[in-house]
Amino acid sequence: MAVSTPEIDIRIPTILRTYTGGEKSVQASGSTLAEVVADLDRRFPGMGERLLEEGKLRRFINVYLNDEDVRFIGSLDALISSGDNLTILPAVAGGS
Amino acid sequence: MLSISQEFVDAIYAHARADHPDEACGVIVGPAGTGIPTRHIPMRNAAMSPTFYEFDSIEMLKLYRDLDDRDEVLVVIYHSHTSTQAHPSRTDIAYASEPEAHYVLVSTREELAGANEFRSFRIVDGVATEEPVQIR
């Protein structure tokens, strides 16, 4: 029996749509967030670099699995199921 | 140019003064395609710091979903500087990720002695450009 890897919808923020040809929503597959990000980077080269730094999620990029910030559910190890959705939002932050 | 009502200018200042000495942050949203700010949403500064602000991540997700549902966009993203002038810092410019928004800064530093300092900028590709503000 073939094990199917879930393909999920990913919401892309305005600033990263240059990588997706302007698409607001794209698909990628993987059983963990790390695999999804790797697949996203295969389909849209350059995306990986914008999301990861030294193999970890960038500090000022928020990634949500359904309604949860992935930092609270294992970050790149978060498990993905079919029907999940991912939202990427750059943090709104700054300092004086 | 940013065109904004006196009511929102006052609301931003009230928020900034209430949170002083921590930085206050929030947005004013408006119908997509109009560029007109119509709804003020104060955001929680998750950093709770006099030198840094960051929207609370879950509150921010709700905000973006709400905007999608209502066909609204971020017209103004504001925050306060509590001991420096109302000009984007290097960090503000580095993290700015909404090229369509007006980045508003206000200052509540002591030397102003209660006077308003309200300035607006576009921040695109790492460059901040000040723009005129018209208060209606």
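**Figure 1. A loop residue of chain A, A:Glu54, in the loop between strand 3 and strand 4 (56-57) of chain A.** The model shown here and in the other views is predicted. A:Glu54 is not a glycine, yet its phi is positive, at about 50°. Is A:Glu54 buried or exposed? A:Glu54 counts as exposed because it has 5 C-beta neighbours inside 10 Å.

**Figure 2. The open sheet of chain A, built from five strands.** The strands follow the order 2-1-7-5-6, and their pairing is mixed. Strand 2 (25-29) and strand 6 (68-69) of chain A are the edge strands, and each of them pairs on one side only. Strand 2 of chain A has strand 1 (residues 7-11) of chain A as an antiparallel partner, with five bridges between the two. One residue pair can be picked out here: A:Asp9 has A:Gln27, in strand 2 of chain A, as its bridge partner. Helix 1 (residues 33-43) of chain A packs on this sheet and touches strand 1, strand 2 and strand 7 (85-90) of chain A. The direction of helix 1 makes about 120° with that of strand 2 of chain A. A helix from the other chain also packs on the sheet: helix 2 (residues 57-70) of chain B touches strand 5 (61-65), strand 6 and strand 7 of chain A. The angle between the directions of this chain B helix and strand 7 of chain A is about 105°.

Figure 3. Which residues of helix 1 of chain A are buried? They are A:Leu33, A:Val36, A:Val37, A:Asp39 and A:Leu40. What do the buried residues of helix 1 of chain A pack against? Their neighbours are strand 1, strand 2, helix 2 (47-51), strand 3 (52-53) and strand 7 of chain A.

**Figure 4. The contact between chain A and chain B.** On one side, 17 residues of chain A take part, and on the other, 22 residues of chain B. Strand 5, strand 7 and strand 8 (93-95) of chain A are the elements that each give two or more residues to the chain A side. By residue type, this side of chain A has nine nonpolar, six polar and two charged residues. Strand pairing also crosses from one chain to the other: strand 8 of chain A runs antiparallel to strand 4 (residues 52-54) of chain B, and three bridges join them. In this pair of strands, A:Ala93 has B:Glu54 as its bridge partner.

**Figure 5. The open sheet of chain B, built from six strands.** The order of the strands is 3-2-5-6-7-8, with mixed pairing. Strand 3 (39-43) and strand 8 of chain B are at the edges; each has a single partner strand, so one side of each has no neighbour in the sheet. From one strand to the next, the twist averages 30°. Strand 2 (residues 25-31) and strand 5 (residues 72-81) of chain B run antiparallel and are joined by seven bridges. Within this pair, B:Gly26 has B:Tyr78 as its bridge partner. Helix 1 (residues 6-19) of chain B packs on the sheet, where it touches strand 2, strand 3, strand 5, strand 6 (102-107) and strand 7 of chain B. Its direction makes about 55° with that of strand 6 of chain B. Helix 2 of chain B lies across strand 2, strand 3 and strand 5 of chain B, at about 150° to strand 5 of chain B.

**Figure 6. The cis peptide bond between B:His20 and B:Pro21.** Omega of this bond is about 10°. B:Pro21 belongs to the loop between helix 1 and strand 2 of chain B.

**Figure 7. The hairpin of strand 7 and strand 8 of chain B.** Strand 7 (residues 118-124) and strand 8 (residues 127-131) of chain B are antiparallel, with five bridges between them. B:Val124 stands opposite B:Val127 of strand 8. Two residues lie between the strands, and B:Asp125 in the turn has a positive phi of about 50°. B:Asp125 counts as exposed because it has 7 C-beta neighbours inside 10 Å.

Definitions and conventions. Residues are numbered from 1 along each chain as its sequence is written. Chains are lettered from A and ligands numbered from 1 in the order in which they are written. This is a predicted model: local features need pLDDT of at least 70, side-chain atom pairs count only at pLDDT 80 or more; totals for chains, interfaces and linings use all residues. Two strands pair if DSSP finds at least two bridges between them. Helices (H or I, at least four residues) and strands (E, at least two) are DSSP runs, numbered from the N terminus. Two residues are in contact if their C-beta atoms, placed from the backbone, lie within 7 Å. Axes are lines fitted to C-alpha atoms, for helices over the stretch in contact, and angles run from 0 to 180 degrees between N-to-C directions. Ala, Val, Leu, Ile, Met, Phe, Trp, Tyr, Cys and Pro count as nonpolar, Asp, Glu, Lys and Arg as charged, and the others, Gly among them, as polar. A residue is buried if 20 or more other C-beta atoms lie within 10 Å of its own, exposed if 12 or fewer, and partly exposed in between; C-beta atoms are placed from the backbone.
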